[in-house]
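Reader: Hello, and thanks for making time. Could you walk me through this model, starting with its core?

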Amino acid sequence: MADTWRSLVNYLLYDASCADCADIAKLTENVCAGWLEIRSLTDLPTREMLDRHAPGWKWRPMLVTCRKQRIHVWWGVGMAIRIFLGIGPVRAFRLLTAAV
């Protein structure tokens, strides 16, 4: 695991070339208050990590969970459920209402 990918951390991967995507990612990082950090899909270390841990990955928002030496990549409904379980219902409601 590269030095830039710490254990016991969650990362939201997003398309930094898309202004709306970047705004939503920053909003999510703020609402999650330390539960996750944002990383761009355009960053080379991010793409290298995905190539190793999610071969055949697609260009879409993803949640990466790092626990000790295990890295898991979530997207779609699985990502939404993990974020909800991680931040709890109050912050999840804040996130949903702020993003509309």
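Predicted model: local features only at pLDDT ≥ 70, side-chain atom pairs only at ≥ 80, totals over all residues.

Reader: Which residues touch the most other members in the largest nonpolar core?

Author: Residues are numbered from 1 along each chain as its sequence is written, and side-chain values use heavy atoms, with hydrogens and water left out. A nonpolar core is a set of buried Ala, Val, Leu, Ile, Met, Phe, Trp, Tyr and Cys residues joined through side-chain atoms within 4.5 Å, where buried means under 20% relative accessible area, exposed over 50% and partly exposed in between, with a 1.4 Å probe and protein chains only. The largest one has 15 residues, and those touching the most other members are Trp35, Leu36, Ile83 and Ile87.

Reader: Which element gives the largest share of this core?

Author: At least two residues each come from β1, α1 (19-32), β2 (36-40) and α3 (76-99); helices (H or I, at least four residues) and strands (E, at least two) are DSSP runs, numbered from the N terminus. The largest share is five residues, supplied by α3.

Reader: With which side chain does the side chain of Asn10 make a polar contact?

Author: Asn10 sits in strand β1 (residues 9-14) and is buried, because its relative accessible area is 3%. A polar contact is a pair of N or O atoms within 3.5 Å; within protein, one must be able to donate a hydrogen and the other to accept it, and residues adjacent in sequence count only if both atoms are side-chain atoms. At 3.1 Å, the partner side chain is that of Arg67.

Reader: What is the volume of the largest pocket?

Author: A pocket, on a 1 Å grid over the protein atoms alone, is an open set of points where a 1.4 Å probe fits, with protein on both sides within 12 Å along at least five of seven lines; lining residues have an atom within 4 Å of a point. Grid points are joined across faces, edges and corners, and a volume is the space filled by probe spheres set on the points. α3 gives the largest share of the lining, 10 residues. The volume is about 410 Å³.
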